[in-house]
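Please find below my note on the model.

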Amino acid sequence: MQVVREAGGRLAAPAVRIAVPTPRPRAGGPPPAPGVAARIEALSLYYGDKQALKSVTMTIPRHRVTAFIGPSGCGKTTLLRCLNRMNDLVEDVRIEGRIVLGDLEIQGNGIDVTDLRKRVGMVFQKSTPFPKSIFDNVAYGPRVLGTRDRATLEGLVEKSLHSAALWHEVKDRLHESALRLSGGQQQRLCIARALAVEPEVLLMDEPCSALDPIATAKVEELIDELKTRFTIVIVTHNMQQAARVSDHTGFLLLGELIEYDETAKLFTTPSDRRTEDYITGRFG
Ligand SMILES: Nc1ncnc2c1ncn2[C@@H]1O[C@H](COP(=O)(O)OP(=O)(O)O)[C@@H](O)[C@H]1O
Ligand SMILES: [Mg+2]
């Protein structure tokens with residue numbers, strides 16, 4: 001990538017050919033002040049003897065998109081999974097530090113993990129529809145949480161499929177197997193399934209890595225719509241994608257949060273040399 005330099009080696013904006021869109025004004029004036037969805041304080045994580053996160057401290061703003069970038073193995077997925085305690089399922093994990101979600105101390109003993117996962121939904125790299133109908137996939141979470149009333153479930157399924165920009169494609173085949181959908185549709189179905197329990201935060205781990213460019217564009221467009229109602233945290237190894245969809249970006253290297261800033265700032269005038277090297281393609 002071509003880099004423009006000022007005297008002294010400082011990067012001049014724009015540092016790299018990554019288009020950072022200017023925020024579009026929304027109807028009804030500017031969005032409300034974002035507030036805080038979660039705070040991560042001095043979070044360290046060890047898999048056995050191996051330290052995968054090194055005292056990460058950051059604030060995740062509410063109703064914004066936060067991206068984690070960095071080379072493979074730097075701890076992006078690990079950090080994301082801490083936000084809904086998915087790492088509890090891994091043997092021999094030790095975690096230090098705090099994560100506070102609203103009023104809930106996530107690392108606390110005795111928290112209800114089912115309740116936490118209702119508040120913090122997750123979409124994975126590879127879409128994971130259940131071998132059930134489209135309807136039953138989306139109704140799954142509400143049913144687990146005790147919703148039985150058919151009309152309520154139908155309402156939730158329709159609303160969630162609308163939110164995931166999938167309703168018009170599937171409304172006449174809700175009782176067909178989800179496995180018959182295309183890859184891009186399956187990923188949006190997984191997003192609908194996560195949204196059906198109305199989480200506060202939606203975690204997405206490389207949600208487009210298995211999708212073609214058109215399906216990727218649809219999911220990116222969707223992310224932009226969803227952030228008016230949800231806080232989104234996305235892991236991506238695709239810097240262009242981070243630049244397109246996120247408001248804030250965190251750059252991780254070997255488990256350390258090297259830099260965390262507004263996306264436009266991080267991609268044009270990074271403060272740390274290692275960030276600059278990474279976004280200009282000099283390593284990773
Ligand atoms: N379940 C696990 N057990 C042991 N080590 C793991 C496990 N999951 C991830 N790791 C290690 O932790 C580090 C960070 O991994 P990960 O969070 O998956 O990185 P990324 O998502 O940035 O590629 C890597 O060195 C990886 O090998
Ligand atoms: Mg990963």
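Where is Glu206 found?

1. Glu206 is found in the loop between S7 and H7; helices (H or I, at least four residues) and strands (E, at least two) are DSSP runs, numbered from the N terminus. Its phi is near 45°, a positive value in a residue other than glycine. With 19 C-beta neighbours inside 10 Å, Glu206 counts as partly exposed, since a residue is buried if 20 or more other C-beta atoms lie within 10 Å of its own, exposed if 12 or fewer, and partly exposed in between, with C-beta atoms placed from the backbone.

2. This is a predicted model, in which local features need pLDDT of at least 70, side-chain atom pairs count only at pLDDT 80 or more, and totals for chains, interfaces and linings use all residues. Residues are numbered from 1 along each chain as its sequence is written, while chains are lettered from A and ligands numbered from 1 in the order in which they are written.

3. Arg85 also has a positive phi, of about 60°, although it is not a glycine. Arg85 lies in the loop between helix H1 (76-82) and strand S4 (93-101), and is partly exposed, with 17 other C-beta atoms within 10 Å.

4. The protein chain holds 10 helices and 10 strands. Of its 284 residues, 40% count as buried.

5. Six strands form an open sheet of mixed pairing, in the order S6-S7-S8-S3-S9-S10; two strands pair if DSSP finds at least two bridges between them. Strand S6 (120-123) and strand S10 (256-262) stand at the edges, each with a single partner strand, so one side of each has no neighbour in the sheet. Within the sheet, strand S3 (residues 65-69) and strand S9 (residues 248-253) pair in the parallel sense over four bridges, and Thr66 stands opposite His248 in S9.

6. The axes of H6 and helix H7 (residues 213-226) come within 9 Å and cross at roughly 20°; axes are lines fitted to C-alpha atoms, for helices over the stretch in contact, and angles run from 0 to 180 degrees between N-to-C directions. That makes H6 roughly parallel to H7, a term for angles under 35 degrees.

7. Gly183, Gly184, Gln187, Arg188 and Ile191 in H6 meet Ala215, Lys218, Val219 and Leu222 in H7, contact being defined by C-beta atoms, placed from the backbone, that lie within 7 Å.

Terms used. Angles under 35 degrees count as roughly parallel, over 145 as roughly antiparallel, 65 to 115 as roughly perpendicular and the rest as oblique. Two residues are in contact if their C-beta atoms, placed from the backbone, lie within 7 Å.
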